[in-house]
Amino acid sequence: MADDTNGASKKPSTGEKKELSMEMRLLLAFGLMGIVLFVTQYLMPKQAPKPPEKQQVAQTAQPAPAQKPVEPPAAAKTTAAPAKPGKPGDTKAVAAPATVIGEKEELHVVETENYRIVFTNRGACVHSWILKKYKDIQGKPVELVSSTAAPKVGWPFSYMFLGQKPAVDLNGVLFSVKQPDPSTVEFEYADGTTTAKKSFQFDPKTYKSVFHSDVTSGGKGIAHQLAWRGGFGDRTVHNAPDIQKSVHYDAIKSKLVEEGSGSASKGPVTVSGSFHFAGIEDTFFAAVVLPQPGTTTEMTTWQDHVVPVLGAEEKPHVGISIGGKDVNEAILFVGPKDTDVLRATDKNLETMIDWGWFWFIAKPLFLALHWANDNLTNNWGWAIVFATVIINLLMLPMRFSQLRSSQKMAKLQPELQAIQARYKDVPMKDPRKQKQNEETMALYQKHGINPVGGCVPLLLQMPFFIAFFKVLSVAIELRGAQWLWVTDLSQPETLPIRILPVTMLITQVGMQKMTPAAGADPQQQKLMMYMMPIMMTFMFYGASSGLVLYWLTGNVVGIAQQYFFNKAAAKPAPAQVIIPKKK
């Protein structure tokens, strides 16, 4: 039976200290880049001259006792127990339930178009749940069950009793098994006092099934939950425990609530309410139940310290147990977080895909990529190239405006340097320094120049960059997508020297050379020409190939735009620095 190592107190958790999200890191990186651009372009020349009111049950969670194999009785067959004798004149004497116990431990396999599931009749649990159409990083079909965690915390669909317990450990007894058809498996146990039934009926074509579980003791129903603990999903990905979460969707408030293992660091946390769905997930896969509308469901989030793989150190993993009634029955979805699959199952399941802060860009961007892949390119890599070209064409007017602004800035350098020369001996804290700024801004206004206009194109690219990053991080459709020599667009290149980042560096330098320099200082031009491309390459070298492909394509389009602009625009006259004579 599932073993609890977390203590039994069911209290709301204060959570763990969280690290900066990747989106925040990207924002900081872009912010620093913007500062560098601003400083080098304008300042350096001056120096030359929880879940909404979730009902956290404060009761003490008593975990089920440790799993102990229970040997079947000698007569491991279905027998009818004799009726209990009633008192004289008692006409309500009730016959005891029949004894139904498995004779030996057996494994039963259910295989559909999408699954290969191995059940055991000991506790009526799941030993293996394989998604046949998806592969892990090692190239094997994705196994959702952690066999290294199960000996400590129990196999998926183990019983959890938070209140009254039956007289027998149901996770250790042998159930009788029936398979009326290849897609259905039924478990039953009865010892005369305790009865338990658990069944699964799978849709052979989809990722849906229907499960049923009921437990009685002495003729009375016993509330229980069914657990999936010790982690979930693809454990071959980087930092797998950190991306696994419990999840439920509050049907009344239309809000998705996700909790990592840290939420239960001080003890299991139970919530109950009208949930549209509830379960466990990682970035690409989910196992959730969809209860009947209007019914109340109870879900407990656990933190389990288990080893992710044999020989590794224990790490905290999230676990869940769901139910709360003596009879639990619901639709079960276990499968990929593919938008088409989720939408076909239930439209609310799409909320499990986290599109990030810029969801209003990321989701339409993904839909555009999906459409381009399905209707034009039949390849996700070329779909990224197509979408990037379209985005750059839409930004063309703004880019031309920025190019014209750069040319004006170049023409103004003599006058700007004359102003700087007049105030070069004035300390920064001197009130006369304000006068220098006023003269500079007046010069900009006179010629219609926005001094921060050079940063605008980069700032405009930032949301698209983060949106691309998010799409490549969460869209399972791009997981394993190939393009030319790239084996997986959602991962960095596997070559010893990554071609895409190196090519991006070359194109970035080329674009810098073609862009009119706003300042006449050769040191500044050299700095801008090499420092920024090197910074970008350093940042992109470990990024997903699809993200580098997006930036590289943008560079190529930018070079073409710059070439035609330079051809069409008149070259500015060479800048002449006017320095007043010393008195």
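Buried means under 20% relative accessible area, exposed means over 50%, and partly exposed lies in between (1.4 Å probe, protein chains only). The model is predicted: local features need pLDDT of at least 70, side-chain atom pairs count only at pLDDT 80 or more, and totals for chains, interfaces and linings use all residues. Residues are numbered from 1 along each chain as its sequence is written, and side-chain values use heavy atoms, with hydrogens and water left out.

**Exercise 1. Find what E105 and R122 form, and say which parts the pair ties together.**

Solution. 
- Step 1: Apply the cut-off. A salt bridge is a side-chain nitrogen of Lys or Arg within 4 Å of a carboxyl oxygen of Asp or Glu.
- Step 2: Check the distance. The closest N and O atoms of E105 and R122 are 3.0 Å apart, and the two form a salt bridge.
- Step 3: Helices (H or I, at least four residues) and strands (E, at least two) are DSSP runs, numbered from the N terminus. E105 sits in the loop between β1 (99-100) and β2 (107-111), and R122 in the loop between β3 (115-120) and β4 (125-135), so the pair ties together parts that are 17 residues apart in sequence.
- Step 4: Read the accessibility. R122 is buried at 11% relative accessible area, whereas E105 is partly exposed at 41%.

The search of the whole structure finds 13 salt bridges.

**Exercise 2. Describe the pair K132 and E111, then name the network they belong to.**

Solution. 
- Step 1: The side chains of K132 and E111 meet in a salt bridge, 3.3 Å from N to O.
- Step 2: K132 belongs to strand β4 and E111 to strand β2, so this pair ties together parts 21 residues apart in sequence.
- Step 3: K132 is partly exposed, at 33% relative accessibility. E111 is partly exposed too, with 44%.
- Step 4: Salt bridges that share partners join E111, R116 and K132 into one network.

**Exercise 3. Locate K152 and E314, and state how many residues apart they are.**

Solution. 
- Step 1: K152 forms a salt bridge with E314, with the closest N and O atoms 3.1 Å apart.
- Step 2: K152 is in helix α2 (residues 150-153), and E314 is in the loop between β18 (297-306) and β19 (315-325). The pair links distant parts of the chain, 162 residues apart.
- Step 3: Both count as partly exposed: K152 at 25% relative accessibility, E314 at 47%.

**Exercise 4. Work out the strand order of the open sheet, and which strands stand at its edges.**

Solution. 
- Step 1: Two strands pair if DSSP finds at least two bridges between them.
- Step 2: The open sheet has 4 strands in the order β2-β3-β4-β5, with antiparallel pairing.
- Step 3: β2 and β5 (141-143) stand at the edges with a single partner strand each, so one side of each has no neighbour in the sheet.
- Step 4: Look at one pair. 5 bridges join β2 to β3. V110 has I117 in β3 as its bridge partner.

**Exercise 5. Is T537 buried or exposed, and which residues does it contact?**

Solution. 
- Step 1: T537 lies in helix α10 (residues 522-540).
- Step 2: T537 counts as buried, at 11% relative accessibility.
- Step 3: Contact means heavy atoms within 4.5 Å. Leaving aside neighbours within four places in sequence, T537 is in contact with P501, M504 and L505.
- Step 4: Turn to helix α9. Its buried residues include P501 and M504.
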